[in-house]
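Please open the structure in a viewer and keep the selection panel at hand. The stops are given in the order in which they may be selected.

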Amino acid sequence: MTAQLNPRGDVAVLVPAAGAGVRLGPGAPKALRPLAGEPLLVHAVRRIAAAPSVHTIVVAAPAADVESVRSMLAPVAPVIVVPGGAERQASVAAALAAVPAGPEIVLVHDAARALIPPDLVESVAEAVRSGHDAVIPVLPVVDTIKEVDAGGRVLGTVDRSALRAVQTPQGFRRSVLTAGHAAAGDPLTDDAGLVEKQGVAVVCVPGSEHALKITRPFDLALAEHLLAAGA
Ligand SMILES: Nc1ccn([C@@H]2O[C@H](COP(=O)(O)OP(=O)(O)OP(=O)(O)O)[C@@H](O)[C@H]2O)c(=O)n1
Ligand SMILES: C[C@](O)(CO)[C@H](O)COP(=O)(O)O
């Protein structure tokens with residue numbers, strides 16, 4: 001069944017999905033690897049499409065897989081698919097360039113965070129809608145954090161009360177994200193980093209354990225269990 005996105009929605013969601021998945025081990029590009037029988041990207045897009053504010057989804061796919069990703073996602077949701085780049089930042093820039101006129105809120109969400117709750121899309125979008133230029137979902141850091149030298153010797157213990165683990169979707173006023181990417185230099189690991197460099201205030205909202213990033217084999221196993229438990 002084709003999910004109909006909301007033509008009155010004000011949110012475009014960019015889904016970088018062009019990464020190799022080196023840390024997951026040998027195999028297909030990570031977004032195309034199966035989780036409970038369906039590619040990670042299918043799970044992610046289905047959940048994003050279920051968020052009522054979403055007007056447009058743009059996927060940055062591995063360059064060699066653009067046509068097959070289009071076919072794969074056609075029954076899931078109406079999406080725009082573009083070729084990704086060599087770095088995440090280039091993939092996001094390519095997807096951003098393909099957003100049609102209309103949505104003034106742009107979210108960036110990793111395909112690798114396949115179990116994103118639709119509510120998290122809505123809460124990030126609502127925080128932007130309420131007037132924030134840039135919004136990131138975060139979780140507290142639960143482990144004690146040490147700074148160490150190259151030899152593994154402990155230099156000190158970091159005050160974790162001021163630290164947060166950052167997730168996606170990260171949300172932006174469209175013009176703010178566009179300006180951040182236009183001014184981008186060396187690749188950064190997230191989009192909030194680009195707008196921070198422009199002096200834009202970035203605010204935090206509560207993240208979700210279910211938005212974990214599937215990075216290593218353990219994460220994939222955990223996601224399988226979460227899905228089986230009804231996530
Ligand atoms: N050139 C790239 C690299 C990454 N990504 C996407 O960015 C998200 C976050 O990246 P990560 O989880 O680190 O994925 P990979 O880069 O694939 O992982 P690895 O470093 O293990 O290869 C993923 O959805 C990934 O597909 C992308 O679109 N284009
Ligand atoms: C964007 C991100 O998922 C936020 O945690 C993260 O920075 C991606 O980084 P990675 O090094 O590509 O895993």
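The tour begins with a strand and then turns to a helix residue.

The model is predicted: local features need pLDDT of at least 70, side-chain atom pairs count only at pLDDT 80 or more, and totals for chains, interfaces and linings use all residues. Residues are numbered from 1 along each chain as its sequence is written, with chains lettered from A and ligands numbered from 1 in the order in which they are written.

**Strand β1**

Select residues 11-16, which form strand β1. Helices (H or I, at least four residues) and strands (E, at least two) are DSSP runs, numbered from the N terminus. Is β1 buried or exposed? Since 6 of its 6 residues are buried, β1 is largely enclosed by the rest of the structure. Buried denotes 20 or more other C-beta atoms within 10 Å of the residue's own, exposed 12 or fewer, and partly exposed in between, with C-beta atoms placed from the backbone.

In a regular strand, side chains alternate between the two faces of the sheet. Here V11, V13 and V15 point one way, while A12, L14 and P16 point the other.

Strands pair if DSSP finds at least two bridges between them. Centre on A12: its bridge partner is T56 in β4 and V106 in β6.

**Residue L226**

Finally, select L226 in helix α7 (residues 217-228). L226 counts as partly exposed because it has 17 C-beta neighbours inside 10 Å. Beyond neighbours within four places in sequence, L226 is in contact (C-beta atoms, placed from the backbone, within 7 Å) with L115, H210 and A231. L115 lies 111 residues from L226 in sequence, yet their C-alpha atoms are 8.6 Å apart.

Methods. Two residues are in contact if their C-beta atoms, placed from the backbone, lie within 7 Å.
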